[in-house]
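Biologist: I would like to discuss the charged side chains. Please open the model.
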Amino acid sequence: MSGKPKLRSIWVFHLNTGSCNGCDIEIIDVLTPFYDVERFGIKLVGSPRHAHALLVSGPLTRQAYYGAKETIKAMPPEPRVIVAIGTCTCSGGIFYNGYPVYRRPESGREGSEYPRRGGIAELIADLRDEGEKVGPVIYIPGCPPRPEEIIYGIAQLVGLVEKKLSYQEYSDELVPFKLPEGPLEERIRLTLMERLRHLVGYLDREKILEDFMGLVKEAEKSENPREELARLVKDYAAKCGDVRLGFCMMLLEREYWRVKDALDAGKEFVYWV
Ligand code: SF4
């Protein structure tokens, strides 16, 4: 959080920008008598015109973009706090490069780069470019965050508690991954499956990995398996007509050689890249 506003009580407006409703259920939980946040001076209001803060959930779909923009503009210019609730709102979450999710043109649409771009930060950047005052912004990640975490974030905002954590940049590249035990092919398969877990759902990953291992088998028949696999993956990506699937295949190809080379060289760890 930046630029802590001085607030004694805080009126909040709840806005869903395309969430799966998981975060909204937690937000509603926070507002029920069980957690009773009104005792901290936090009150839900029915119009953004009366709100100090906006509790936002969802990855910001294109459909929700203009509504969300108008909602923020309708809030009083001071303090216009944005509370981004859930991983989707903080960074686009699992939907960050999905076609219905809004991203600024300079944020690109593909890639697994870190930190991920997406979520409400994209809209805030647009609003600031237009000269609108927005912020401070509080990010409460989690899928979904627990009611206690949401209350803790808002309590920091109103100055009831001090911030305990400091900003730290995380990158997968820094985390060594221990290769699983077992025969060579099984170790590769399990590592690739783990890698796919970051990209696609449970059902799809089985099928994608099956297809990929089929291409590997075919490539191994040729004299130059590396070149052949690259060609087969390219063909597959072109034929499937889905950039996300093509992207998965290309990532698997890169990972396959990285893991295979590491195992052939007798290494036990790889770094995710
Ligand atoms: S962060 Fe998780 S629970 Fe919240 S909207 Fe996104 S997918 Fe749903």
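Biologist: Is Arg258 buried, exposed or partly exposed?
Modeller: Arg258 is partly exposed, with a relative accessible area of 23%. Buried means under 20% relative accessible area, exposed over 50%, and partly exposed in between (1.4 Å probe, protein chains only). This is a predicted model, in which local features need pLDDT of at least 70, side-chain atom pairs count only at pLDDT 80 or more, and totals for chains, interfaces and linings use all residues. Residues are numbered from 1 along each chain as its sequence is written, and side-chain values use heavy atoms, with hydrogens and water left out.

Biologist: Which side chain meets Arg258 in a salt bridge?
Modeller: Glu255 does, at 3.1 Å, N to O. A salt bridge here is a side-chain nitrogen of Lys or Arg within 4 Å of a carboxyl oxygen of Asp or Glu. Both residues lie in helix α9 (residues 243–264), three residues apart, about one turn of the helix. Helices (H or I, at least four residues) and strands (E, at least two) are DSSP runs, numbered from the N terminus.

Biologist: And is Glu255 buried or exposed?
Modeller: Glu255 counts as buried, at 0% relative accessibility.

Biologist: Changing topic, what does Glu132 pair with?
Modeller: Glu132 forms a salt bridge with Arg80 (2.9 Å, N to O). This pair links distant parts of the chain, 52 residues apart: Glu132 is in the loop between α4 (120–129) and β5 (137–140), and Arg80 in the loop between α2 (62–74) and β4 (81–85). Arg80 is buried at 4%, whereas Glu132 is partly exposed at 26%.

Biologist: How many salt bridges are found in the whole structure?
Modeller: The search finds 13.
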